[in-house]
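User: Can you walk me through this one? I'd like the sheets and the helix packing.

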Amino acid sequence: MVSASVLISFGTIGLGPFRGEGKMVTTQQNKRQNRRDFLKKTSAVMIATATASTILRASDKTGKKNLVIGTEDFAQKKKNLLFIMTDQQQYKALSIAGNTVLETPNLDRLAQGGAYFKNAYTPMAVCGPARSSILTGMTVESTGVNTNGKTYFYQDEPVMTTPTFDEILTESGYHCEYYGKWHAMSNHSDVYKNPELESENGKSIFEHGGQNHVYMDYINEQFPKPKLKDGEFYDTFVKRPYRPDPIDSYYGKSYNDVKKDKKKRRSQPNLHGELMVPAEHSFTAYQAKETIAAIERLKDVPFSITLSLHMPHAPMTPTKPYYGMYPAKDMTPPVSINDDMSNSPYAKANGRTGMPEYSDPEKIKYMISNYYGIIKEIDVWIGEILKTLDKNGLTDDTLIIFTSDHGEMLGAHGMREKNVFYEESSHIPLIIRFPSEIKKKTVVDGYVSNVDLFSTILDYLDIEAHPSDGTSLRDLIEDKKTDHGKYVITEWDYRGPVSPNYMIVKDGWKLIIPYTKESTVINAMYNLNEDPHEMKNLLGKNPNRADYKEKAEELRGYLLEWLKKNNSKRYKGVKKRDLLKA
Ligand SMILES: [Ca+2]
């Protein structure tokens, strides 16, 4: 255990600072003011922690300030955490997962040096809810973060009211830094001690778009905005030129053609093509370099560093050499791209009916090519990060977790993005390496959720267990006899029972249902062992659905067990649902 001298009461940490502060504040300015007030309040807590023991300090980049980076007692422990999360990486987008096109040798090496999870799923297939659950080890129903809107400075009701793993690690003497996308409640971010916490325009890296502002400061200095050449447009994300691919609606158009289109907002998922930025200055390169610098700077103190990469989330605009590295003509469209969806609860999901380019087998090849290029770039940078740990003698004692918040449909069922229970969206990569404690080449078949990561981190770093809805993955990693891993549940509660709300997978069977008796959303069950592309719904309108009642009831039984364990208010609705309803 950690020296008692560095422990203080949890007190205010983790509880919404805005609770009981009266009516909702809506303007950005007021939100910022609230954030600053909160930071002032909590800095008093930090000082109380720091004076409790002999303090280790380091200089920041400029050498101007002293950063409190831990205590002497604690530094002896030398167990670190490096948490790497990509955004929107589907399970199959790794060569170790059997992808025969995309090559990810560094991620494969990471997996072979520890535990590789074949059946890891997101808590909920969208950013904010997934990230809030990962950080706190709580289900989506427990955090209350069931939409992306309930993040950053949300104040309508208390959400995400329990501490994150980094808040607990900070209490235990760890130095925590965070690089990349946040997308959770900002009141949990004051534990991070990055040398730079704001962009030049005063945006915190923990507010909406914060990391992008910091990157813009960087790229404006390194690679000023060039003039457009013929056939190029500005990427609305990094404000640099890109050349669209045939899947992009600007393909083959001139700047004058699209000028009148200006009112039509083109968001990140609409952009596909080659980004005209040198590879060494890409967003991924920038975020990876920040992380490498943090490792170098913190090598002598117990650290928790998170690298939360924006990619391979849209825009699908890799730079050269990653653009074209996997030529579009050689890509294979997903088997389910032309699924007729006649018996799917997702017939209209993700605006698929209005976006025919994602069910076009020729056009989707460009998206796959770019997606793979972007992941190849990530893999190269993971290699650089692993080298940095090796070089500094940190490999054995650094727990590395690599995962993604959710997947990407990439044309499966004629869809892009996530938000659904199909494998491409809900099944994610998970690798855990810790050479001093986890055997090489461990493969875990059990079903797990990223809700389990919180307990796993505390367990491997020898921090006292803390209440959560998850369970440490150590039992599965060490192949202990356990019920853990028998099944996994993913939630979806964005707009109530107008879409399926629960997914349970057990023994390759997947049940997908809404959480009320009344919902008109059709039930679905897929046998992934025989139907891996989820094209044959055995329930819903299937005339033989009664043949599958027993299997569907078995899965619902386990779902009810899980809901009961978590004191879910959805228990009764799920129990009453008619599984044979057409
Ligand atoms: Ca995401």
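Analyst: A term to start with: two strands pair if DSSP finds at least two bridges between them. Also, this is a predicted model.

User: Good. Which residue stands opposite I489 in β14?

Analyst: I504 in β14 stands opposite I489. The strands β13 and β14 (residues 502-506) pair in the antiparallel sense, over 4 bridges.

User: Now the 7 strands. What is their order in the open sheet?

Analyst: The order is β5-β9-β3-β10-β11-β4-β12, with mixed pairing. The edge strands are β5 (175-180) and β12 (442-449), and each pairs on one side only. From one strand to the next, the twist averages 15 degrees.

User: How many bridges join β4 to β11?

Analyst: There are 5 bridges between β4 (residues 115-121) and β11 (residues 427-433), and these strands run antiparallel. Within that pairing, F117 stands opposite L430 in β11.

User: Which helix lies across β5 and β9?

Analyst: That is α9 (residues 283-298). Helix α9 runs at about 175 degrees to β9 (303-308).

User: There's also an open sheet of 3 strands. What is the pairing there?

Analyst: The pairing is antiparallel, in the order β6-β7-β8. At the edges sit β6 (233-234) and β8 (273-275), each pairing on one side only.

User: Where does β6 join β7?

Analyst: Through 2 bridges, with β7 covering residues 241-244 and the two strands running antiparallel. The bridge partner of Y234 in β7 is P241.

User: How many of its residues are buried?

Analyst: In α10, 20 of the 28 residues are buried, so the helix is largely enclosed by the rest of the structure.

User: What follows α10?

Analyst: G393 follows α10, and the phi of G393 is positive, near 65 degrees.

User: At what angle do α3 and α10 cross?

Analyst: Roughly 50 degrees, and their axes come within 7 Å. Helix α3 covers residues 105-112.

User: Why call α3 and α10 oblique?

Analyst: Angles under 35 degrees count as roughly parallel, and 65 to 115 as roughly perpendicular. The crossing is at roughly 50 degrees, so α3 and α10 are oblique to each other.

User: Which residues meet in that contact?

Analyst: On the α3 side, P105, N106, L107 and L110. On the α10 side, D379, I382, G383 and L386. The residues of this contact divide into 5 nonpolar, 2 polar and 1 charged.

User: One more. Where is S132 found?

Analyst: S132 is found in helix α4 (residues 127-136).

User: Why does S132 count as buried?

Analyst: Because S132 has 27 C-beta neighbours inside 10 Å. The cut-off for buried is 20 or more.

User: What is S132 in contact with, leaving aside neighbours within four places in sequence?

Analyst: S132 is in contact with T143, V145, M160 and A184. S132 and V145 are 13 residues apart in sequence, and 6.8 Å apart in space, C-alpha to C-alpha.

Technical notes:
Residues numbered from 1 in each chain as written. Predicted model: local features only at pLDDT ≥ 70, side-chain atom pairs only at ≥ 80, totals over all residues. Axes fitted to C-alpha atoms, helices over the stretch in contact; angles between N-to-C directions. Contact = placed C-beta atoms within 7 Å. Buried ≥ 20, exposed ≤ 12 C-beta atoms within 10 Å, placed from the backbone. Parallel < 35°, antiparallel > 145°, perpendicular 65-115°, else oblique. Nonpolar A, V, L, I, M, F, W, Y, C, P; charged D, E, K, R; others polar.
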